[in-house]
Amino acid sequence: DGTTTYSLASANKVAAGGVGMSVGKLMDTLEIFNGFDIPPEWEKWCAIGPKQVTDLLREVEVASADYNLIRPLVEGKIVRYMGFNFVMSNQLTTNGSTTRYCPAWVKPGITLGINYDVTTEVTVMPEYHYSYQIYLAMMLGAARMEEECVVEISVIES
């Protein structure tokens, strides 16, 4: 019913190790997925914060055109690297101090549940010179369906 919380197994976690996001941590994440026999053609995703973008842009392997076809320093963002599609988010959880938790996942292991679809309403507000007021609501959530399809990468933010 979606009310029970299940902790992620320790086999699905990449430890912080006193460093920020790095190519090594992405390799460890890929190794975990490969160890769980995740097919290589499945689309892999990773959510990272602004500090993790900076950490990766400082990595020679990520920033250099010698290692990849995309030039992330030109755009100042990382879209795809090592088979991962990256999503930058400011809503990732922390332990309250220096550790941020970045989830990595493959699409078949996550499901989207829509409780009710988009509801909209447009009304006129006479008290504000007949301006329009727009209301939109939607209730949805996502859940992990297969443990092997999600990895938590712990990174240090200093």
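**Sheet, helices and side-chain pairs in a predicted model**

Among contacts in the protein between residues at least 6 apart in sequence, 70% join residues at least 24 apart, a contact being heavy atoms within 4.5 Å. The structure is a predicted model, in which local features need pLDDT of at least 70 and side-chain atom pairs count only at pLDDT 80 or more, while totals for chains, interfaces and linings use all residues. Residues are numbered from 1 along each chain as its sequence is written, and side-chain values use heavy atoms, with hydrogens and water left out.

The secondary structure amounts to four helices and eight strands; helices (H or I, at least four residues) and strands (E, at least two) are DSSP runs, numbered from the N terminus. Read from the N terminus on, the order of elements is β-α-β-α-α-α-β-β-β-β-β-β. Of the 158 residues, 32% are buried, where buried means under 20% relative accessible area, exposed means over 50%, and partly exposed lies in between (1.4 Å probe, protein chains only). The accessible surface comes to about 10200 Å², and carbon and sulfur atoms account for 54% of this area. Accessible areas come from the Shrake-Rupley method with a 1.4 Å probe, and for residues only the protein chains shown count as cover.

Six strands build an open sheet of mixed pairing, in the order β1-β8-β5-β2-β4-β3. The edges are held by β1 (13-14) and β3 (80-81); each has a single partner strand, so one side of each is left without a neighbour in the sheet. Two strands are taken to pair if DSSP finds at least two bridges between them. Strands of a sheet pair through backbone hydrogen bonds, either parallel or antiparallel. Both senses can be followed at β4. With strand β2 (residues 44-48), strand β4 (residues 84-88) pairs in the parallel sense over five bridges. Along this pairing, Lys44 stands opposite Phe84, and Ile48 has Met88 as its bridge partner. With β3, in contrast, β4 runs antiparallel, and two bridges join them. Here Arg80 is placed opposite Asn85 of β4. The hairpin of β3 and β4 has two residues between the strands, and Met82 in this hairpin takes a positive phi near 55°.

Helix α1 (residues 23-35) lies across β1, β2, β3, β4, β5 and β8, and runs at about 160° to β8. Helix α2 also packs on the sheet, where it touches β2, β4, β5 and β8, and its direction makes about 110° with that of β2. For these angles, axes are lines fitted to C-alpha atoms, for helices over the stretch in contact, and angles run from 0 to 180 degrees between N-to-C directions. Within helix α1 sits Asp28, a partly exposed residue with a relative accessible area of 37%. From C-alpha to C-alpha, Asp28 and Ala15 are 9.7 Å apart in space and 13 residues apart in sequence.

Charged side chains come next. Side chains of opposite charge can pair when their charged atoms come close. A search of the whole structure finds four salt bridges, each defined as a side-chain nitrogen of Lys or Arg within 4 Å of a carboxyl oxygen of Asp or Glu. One of them joins Lys51 and Asp55, at 2.8 Å from N to O. These two residues are separated by about one helical turn, because Lys51 and Asp55 are four residues apart in helix α2 (residues 50-57). Lys51 is partly exposed at 26% relative accessibility, whereas Asp55, at 11%, is buried.

A further salt bridge is formed by Arg100 and Glu157, whose closest N and O atoms are 2.6 Å apart. This pair links distant parts of the chain, since Arg100 belongs to strand β5 (residues 99-106) and Glu157 to the segment after β8 (150-156), 57 residues apart. Arg100 is buried, with a relative accessible area of 15%. Glu147 and Arg144 also meet in a salt bridge, at 3.7 Å from N to O. Both ends are partly exposed, Glu147 at 27% relative accessibility and Arg144 at 30%.

The surface also carries a nonpolar patch made of Leu112, Ile114, Val118, Leu136, Met138 and Leu140, with about 560 Å² of accessible area together. Patches consist of residues with over 30% relative accessible area and no salt bridge; like charges are joined within 9 Å, and nonpolar side chains (Val, Leu, Ile, Met, Phe, Trp, Tyr) within 5 Å. Strands β6 (110-125) and β7 (131-144) each supply at least two residues of the patch. Leu136, in strand β7, is exposed, with a relative accessible area of 57%.
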